[in-house]
Amino acid sequence: CSVEVELRVANERVTITRRQAPNSLHITWGVKGRPCEQNDVDATLRLNAEAFTASVMFPQFNEPFFNLTPTAKLVLFSQIMGLDSWLEKSERAAKFAANLESEKYSTEKEQIRLDARADLLKADIATLIDKENSFELEKAERCNTFLVTIQSHKDTIASLKQHLKSSVDDFTSKLEGYDRRRAATFKKMEGSDGAAGRLREKAGVLAARLEDLKTAIQKFGKLSGECPTCLQTVPSLHLKMEKSKLQQKFEELKADHDDANSRRRAAETNKLEYKCDLQALERDIENLRVKASATARNRATHEASIESLRQLIARAEEDLAKEKRKPSPYKTMHREKTEELTNLTDELFKLNKTVDQLAEDHAAVSYWVGGFKRVRLFIIEETLRQLEIEINNNLAALGLPDWTIELGVERENKSGGITKGFTVFVYAP
């Protein structure tokens, strides 16, 4: 069984054939025919099944056009005029706007995540800076400790060297002083010893002369009037005078003898004192030499201590050099975090631009969600104005000259809003 419909579209003959068992659909333009689908038929007729059944004077399988609700009339009128493409454009714009909104939401989420990551990186960098500063301070303190230790060892070495030098200089100076004092004392002792010998010799000579004078005086005492030398008789007065001279000379010699003995004893006493001084100086010299020997033994100990301190200084200087070269364990992390923050900041800048661009695109696309619908309504309104003129012109031909019909797609509702739909107002005379 088959059904065939002939019609003219754009002044061209079109034949549509549908067969059953098997089902098939065939369309012929002029002399050219081909199998087709229902969508091809709708596109050719520019009417779908619902619009076609409602567009004839006596609808088939459907309600009459004027019995439909305003919204249904508007939908059907739009289908008949082929204006659904504007709704499709609006839907595509709505989907595109939704996609832009979703993309904007995802970008903002990523932006929030990166902002949180940036805040975390800034906190980490601040912490790393504090740790790096603390490390540098501790490093400076350790280096300063090494420097103090090195300087302390150097001061100790200088003190030991100064002590050794001052000890040697002190012993040398004291020994030279003792040697000078010993030589001077020995010279004085020799002088006292020589003086004592000379005075002893002089006292001996004076003693012998005293003995001679004493013997001569004793002889004068035994004389009565004779000269003890020539044995001639001399006056007694002369004898007395001679005896008095001898006595006076004896007293002078005795005084010289006593003075010589006194001076000899003083010289001998001085000699003993100088000898005691020499013995004391020898003991002091010996004690100084003992101390010098002990100092000489301590010198080796001090030199060993100095060498040990020099080794400690060398190790401390080596440790100081290592400490100065020691890198901060936080420097690499600080640099990596800073580089990551820089890259993150660049990425955030790009995301901000993307969000702004998405917002602009979304605003533009969102406008056309309603804009395409308004274009559709504008076309419908323009068409309805023409249709309204044609209807009102034909009313007079139908014998209804005082009747008026108004067509519209918008009307005010009870709440004061605007309701969109195909409305028909018939005004009787």
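How many helices and strands are there in the chain, and in what order do the strands of the open sheet stand?

A: This is a predicted model, in which local features need pLDDT of at least 70 and side-chain atom pairs count only at pLDDT 80 or more, while totals for chains, interfaces and linings use all residues. Residues are numbered from 1 along each chain as its sequence is written, and side-chain values use heavy atoms, with hydrogens and water left out.

The chain has 6 helices and 6 strands; helices (H or I, at least four residues) and strands (E, at least two) are DSSP runs, numbered from the N terminus. Along the sequence the pattern is β-β-β-β-α-α-α-α-α-α-β-β.

The open sheet consists of 4 strands in the order β1-β2-β3-β4, with antiparallel pairing. Two strands count as paired if DSSP finds at least two bridges between them. At the edges stand β1 (2-9) and β4 (32-35); each has a single partner strand, so one side of each is left without a neighbour in the sheet. From one strand to the next the twist averages 15 degrees, taken from axes that are lines fitted to C-alpha atoms, with angles running from 0 to 180 degrees between N-to-C directions. Strand β1 runs antiparallel to β2 (residues 12-19) and is joined to β2 by 8 bridges. In this pair, Val-9 stands opposite Glu-12 in β2. In general, strands of a sheet pair through backbone hydrogen bonds, either parallel or antiparallel.

Ser-78 is buried, with a relative accessible area of 0%; buried means under 20% and exposed over 50%, with partly exposed in between (1.4 Å probe, protein chains only). Leaving aside neighbours within four places in sequence, Ser-78 is in contact (heavy atoms within 4.5 Å) with Leu-83, Asp-84, Arg-376 and Ile-380. The C-alpha atoms of Ser-78 and Ile-379 are separated by 9.5 Å, although these residues are 301 residues apart along the chain.

For the chain as a whole, buried residues make up 25% of the 429 residues. Of the contacts with a separation of 6 or more, 64% are between residues 24 or more positions apart.
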